[in-house]
Amino acid sequence: MPSGNVLSYIVPMRDHIQLQINSDILKIRGQDAFLTLSDFLRRRRGLVGTKIVCSEGDCGSCSVLCGVVGDSGMQYQPIDSCIRFMFQLDGVHIVTVEGLKQNGELSCVQQAMVDCHGSQCGFCTPGFVVAMTALQQNRPANQPASESELREGLTGNLCRCTGYSSILEAGAVAAEQSDSASLVPAFELSPDARRVPIEVTATCGDAKHRVYSPTTVAEAVDFLSRHSEAEVKIVAGATDLGVQFNKGHIAPSDWLDLNRVAELEKCEIEDGCMVFGARATWTDVLLLAESTVPELYQVMKVFGSPQIRHVGTIGGNIINASPIADSLPFLFVCDAELTITSASGERTVNINEFYSGYKQMDLTKGELLTSIRVPLPPANRNLRLYKVSRRHDMDISTFTGAVWMELDGEQIANVGIAYGAVGPTVLRLKQTEEFLRGKSFTIETMTAAGDVAVKEITPITDVRGRSDYRFQLARNVLKKYYYQIEQEESQSVA
Ligand SMILES: Cc1cc2nc3c(=O)[nH]c(=O)nc-3n(C[C@H](O)[C@H](O)[C@H](O)COP(=O)(O)OP(=O)(O)OC[C@H]3O[C@@H](n4cnc5c(N)ncnc54)[C@H](O)[C@@H]3O)c2cc1C
Ligand code: FES
Ligand code: FES
């Protein structure tokens, strides 16, 4: 681990971000580095094809393609440019709807939108075109996206006037027409030969802004320890922070950007555990869960939208500390272990001990969440995860839950239960677990357990649901769990 201020003297620094937008290679310094990407595109580059509607990552009108150099070449993903800061974009290729034209002609996706009448007012159209292009760009030419892939790929894009049939038809036509040619301009930005930290500063009136973008955890915690007097805002995907920034809830002078710290991207199975770097994105987690924890895969598939999952991170979800964060009930019942790092070393904490109240947690200034270790749930645990929301896709949870039970014949040998959106933090239901241990696994037991569960929770009434509805869900989920397991057992016997 680093000690003291040594790194600050020996590490060379870059004072600008470099990136490619469509075919132009740019160096970004000063105040521009602190703009959102959508503002930069529209105000500084005149690329007004990118629309801003909600500024909250909810509608996809501002979608652009973000290309990143990966193991298998450039990978392009759609992201919401309204909640992405310029300082997060070093070394990437941003492609806007203007950059998709080929030799002055509309691309096959753009032409299909015209031919299928996929646009009326046109506000959503560039976002749809970008999201459809991403679906085609990342796949072999002879394998067009299926209808379900198209529907899933477009869950982050809303249209308020055309209706989705003609948009989906355009997507299908474009998928059929795509050939092996790349749909994006060539990427010509030279890779950063010396991966050095970046520090960009700007003065705007009396206000001074600084962003530090390290390449290692050691550099990151060294920065935090050297600036303990400042309110440094740590930023990973910015899907929470970008929204808060746009709403004027935060205006930090100092940012610590984790986007260039490769060691925080880990996402793999190690010694029977899922091990995530804090900056593993939901897209990464989803890929790993598909083959290892199908229950997690199902619930994460409806986490936000592709645009949100491509940049939002597991670490951001944990530290944002929302009682409705979708990952938390799973992490609670699996007893996930968090590694917290500071300039003076590392410590670990069980996630069940991490939160002490609404947005209160065991993390001090100068500390960084660096990794999350989740023991893989064994098959005999019968893990089930629940997300109740008013819409299937792209909705914030009204209630979340995770339940597992190990059965010994008819008897409940061991059990884990956690609920979200029923208190100031996600709650582990220890009394309900205690009540269930050793009891027979029957509907009567699960109904009685519901009486214990409702005494452990304190749900409120808000726009997403009344408190009595949440009390009812707390009971019903236990019954649902019983019927799910019973049904599966009877099917396996038959
Ligand atoms: C449209 C939309 C849909 C969404 N849908 C869902 C959903 O379905 N389910 C859900 O649970 N959430 C959802 N979210 C919320 C958000 O996407 C998640 O919480 C996401 O995981 C946050 O990750 P991030 O990397 O973007 O966090 P950021 O915004 O970068 O940071 C969030 C917080 O964590 C802190 N932080 C980040 N990384 C670290 C670290 N390593 N160490 C210390 N502090 C750190 C930041 O300082 C900040 O306080 C949605 C958000 C939007 C805008
Ligand atoms: S403007 Fe709606 S997602 Fe960005
Ligand atoms: S065309 Fe008007 S919102 Fe989609």
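Q: Where does A238 lie?
A: In this predicted model, A238 sits in the loop that runs between strand β8 (232-235) and helix α8 (241-246).

Q: And what is phi like there?
A: Phi of A238 is near 70°, which is a positive value in a residue other than glycine.

Q: Is A238 buried or exposed?
A: A238 is buried, because 26 other C-beta atoms lie within 10 Å, and the cut-off for calling a residue buried is 20 or more.

Q: What about S55, where is that one and what is its phi?
A: S55 belongs to the loop between α2 (37-44) and β3 (63-70), and its phi is near 60°, again a positive value in a residue other than glycine.

Q: Why does S55 count as buried?
A: S55 has 20 C-beta neighbours inside 10 Å, and since 20 or more is what the cut-off asks for, S55 counts as buried.

Q: Switching to the ligand, which residues come nearest to ligand 1?
A: Of the 29 residues around ligand 1, the ones that come nearest are G57, A236, G237, G316 and N317.

Q: Which elements supply that shell?
A: β8, α8, α12 (314-320) and β16 (368-375) each supply at least two residues of the shell around ligand 1, and the largest share, five residues, comes from α12.

Q: How do the shell residues divide by class?
A: Around ligand 1 the shell is made up of 14 nonpolar, ten polar and five charged residues.

Q: OK, domains now. What does the assignment give?
A: The domain assignment gives domain 1 as 6-17 + 190-262, domain 2 as 20-177, domain 3 as 263-377 and domain 4 as 382-494.

Q: How many residues are in contact between domain 1 and domain 3?
A: On the domain 1 side 16 residues are in contact with 20 residues of domain 3, and helix α7 (residues 217-226) gives the most to that side of domain 1, with six residues. By class, the side of domain 1 that touches domain 3 holds nine nonpolar, five polar and two charged residues.

Q: What separates the centres of those two?
A: The centres of domain 1 and domain 3, taken over C-alpha atoms, are separated by 22 Å.

Q: Back to α7, which of its residues are buried?
A: The buried residues of α7 are V217, E219, A220, V221, D222, F223, L224 and S225. Because eight of the ten residues of α7 are buried, the helix is largely enclosed by the rest of the structure.

Conventions. Residues are numbered from 1 along each chain as its sequence is written. Chains are lettered from A and ligands numbered from 1 in the order in which they are written. This is a predicted model: local features need pLDDT of at least 70, side-chain atom pairs count only at pLDDT 80 or more; totals for chains, interfaces and linings use all residues. Domain bounds come from an automatic or database domain assignment. Two residues are in contact if their C-beta atoms, placed from the backbone, lie within 7 Å. Helices (H or I, at least four residues) and strands (E, at least two) are DSSP runs, numbered from the N terminus. Ala, Val, Leu, Ile, Met, Phe, Trp, Tyr, Cys and Pro count as nonpolar, Asp, Glu, Lys and Arg as charged, and the others, Gly among them, as polar. A residue is buried if 20 or more other C-beta atoms lie within 10 Å of its own, exposed if 12 or fewer, and partly exposed in between; C-beta atoms are placed from the backbone. A residue is near a molecule or strand if its C-beta atom, placed from the backbone, lies within 6 Å of it.
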